[in-house]
Amino acid sequence: MHRVNRRPVVIVSSILFLALVFPIMACAQETVAPESANSWIQANLADLDRLFGNTVELLAAVLFASFGTGIPLIVVVLLLGGIYYSFFFGWISLKGFRHSIDIIRGRYDNPDDPGEISHFQALTSALSATVGLGNIAGVAIAVSLGGPGAIFWMLVTAVFGMSSKLASCTLAVMYRKIHPDGRVSGGPMYYLENGLKLKGMGEFGRTLAVMFAFLTVGGSLGGGNMFQANQTLEILGTVSPVFKDYNWLVGIVLAAMVAVVIIGGIRRIGRVTSRVVPTMCVLYVATCLLIILTNFTLIPEMLGTIFGQAFSPEALYGGFIGVLVTGIRRAAFSNEAGLGSAAFAHAAARTDEPAREGMVAMIGPFIDTIVICLMTGLVCLITGVYADPQFLGQAQQGQPVGAAMTAAAFETFIPGARHVLAIAVVLFAYSTMISWSYYGERAWEYLFGTSTILVYRVIFVVFVFLGAVTALTNVLNFTDMMILGMAFPNIIGGVILSPHIKATLNDYWDRLKSGQMKVYK
């Protein structure tokens, strides 16, 4: 077993501690009011935010290149990848929908199969990383930037995304590595490197794997971390401005909460998310349904608005192309289909049937986007907050509106609901951060080895703090770059390996239909 070198961890931790605590200590020694300390901290954080924003703009020009078409290349890759998988696999994502529910219920759970967590725990671990602020804040951002029509393209992307997630999670189990102690190392890096090596493309596969791992580490620090902390602070700010005034303190508290859990690894994450995620989803969807059904006469009109503006050249932010791009980007961020991130969680499932876990995984985009995101979108439309002059003004200035819009929608129906939503957001963000820490950790382990994992965990905790004190626009752009960038190596490698996936799926489906599958419950 590798011995962890703790010296870098101690150094990084000490620097972070001094950076945060020194201003307060200095004020105490000089008998300066706490408000002065907070002003000093805020001024320095503003400089940090500007530096971060300049760096993000430079990277965005490269990763979101559209080559004059108005559609970023990454958006094309995501959508075409899902379309290809759906037709090439014969739409098994729809044919196998009912069977996937039976798997999730535990009917095919064999406790003797290799792996660390059950099918249900694998799904909830993956959902804890996707169901969260992408559903609450992400939908609001899509509507504020692209108008109601962006919701339509989110739903379309999710339908094809089910096949993308089926592909990557099937491969994840096929090429995972199980250690003697039962711990699983899995994810796109392994099937990109080892799968393509079997096709005589070893160097190319290794290059894609390394690229994917670096982007995953960045994605875990951006979308799986900074965005969650940032929007947690935004929603808390709707409850009381004190939270935003002392954003650095909120960041420290969030960082500490994350640090407590991520030490336990996937087993602890699986236990926590299998209890928290279903409860959060049910409560959030129930509240949305209450608002929607109370105004059920408006549903046809709202659906017509969504569909009509999906193709409207007068829509917000760049007309039809702008709506299309916004919808696909926010859907990809919300359900992560095609990115390969869920493969980390599903690779740890107890199963000896790769196709079975792929079928479990494909339910993720359905729950995340087609159910929960649609609920959020309808609530924003039915309550009319999406047309609020305040939010429209921000959108026209290119400033995305996130969780604050959803909070306003809830508030118009249930006075004081922003407090309940604030609690839900904190829980959603927390579960997302702990799951993404696992994804990033597996990618870090692939790149730098087991002995440096503790270094990654410290870095992850530091970025929780940075997310709380950084502007949403910068966080959003950095998040999209890292997370959407993961689709490049994942989909390219997956398409090359798709005949192998199809053969595995067809073999499984034939055995299922012939009654050869053993049922345990």
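This report covers salt bridges, cavities and one surface patch in a predicted model.

## Basis

Local features need pLDDT of at least 70 and side-chain atom pairs count only at pLDDT 80 or more, while totals for chains, interfaces and linings use all residues. Residues are numbered from 1 along each chain as its sequence is written, and side-chain values use heavy atoms, with hydrogens and water left out.

## Salt bridges

The structure holds 8 salt bridges. A salt bridge here is a side-chain nitrogen of Lys or Arg within 4 Å of a carboxyl oxygen of Asp or Glu.

E441 pairs with R457, with the closest N and O atoms 2.8 Å apart. This pair links distant parts of the chain: E441 sits in helix α21 (residues 417-448) and R457 in helix α22 (residues 453-468), 16 residues apart. Helices are DSSP runs (H or I, at least four residues), numbered from the N terminus. E441 has a relative accessible area of 5%, so it is buried. R457 also counts as buried, because its relative accessibility is 14%. The cut-offs are under 20% for buried, over 50% for exposed and in between for partly exposed (1.4 Å probe, protein chains only).

E445 bridges to R442 at 3.0 Å between the closest N and O atoms. Both lie in helix α21, 3 residues apart, about one turn of the helix. E441, R442, E445 and R457 are linked in a network of salt bridges.

D507 and R511 form another salt bridge, at 3.1 Å between the closest N and O atoms. They lie 4 residues apart in helix α24 (residues 487-513), about one turn of the helix. D507 is partly exposed, at 41% relative accessible area.

## Cavities

The model has 5 cavities of 30 Å³ or more. A cavity is a set of points, on a 1 Å grid over the protein atoms alone, where a 1.4 Å probe fits but cannot get out; lining residues have an atom within 4 Å of a point. The largest cavity holds about 60 Å³ of space.

Its lining has 10 residues, with L78, T157, G161, S164 and A337 nearest the centre. Helices α3 and α8 (149-174) each give two or more residues to this lining. α8 gives the most, with 4 residues. The lining of the largest cavity has 4 nonpolar, 6 polar and no charged residues. Gly counts as polar in this scheme.

## Surface patch

L73, V76 and L80 make a nonpolar surface patch of about 230 Å². Patch residues have over 30% relative accessible area and no salt bridge, and nonpolar side chains are joined within 5 Å. L73 is in helix α3 (residues 73-88). L73 counts as partly exposed because its relative accessibility is 36%.

Note on methods:
Patches are made of residues with over 30% relative accessible area and no salt bridge: like charges are joined within 9 Å, nonpolar side chains (Val, Leu, Ile, Met, Phe, Trp, Tyr) within 5 Å. Accessible areas come from the Shrake-Rupley method with a 1.4 Å probe; for residues, only the protein chains shown count as cover. On a 1 Å grid over the protein atoms alone, a cavity is a set of points where a 1.4 Å probe fits but cannot get out, and a pocket is an open set with protein on both sides within 12 Å along at least five of seven lines; lining residues have an atom within 4 Å of a point. Grid points are joined across faces, edges and corners, and a volume is the space filled by probe spheres set on the points.
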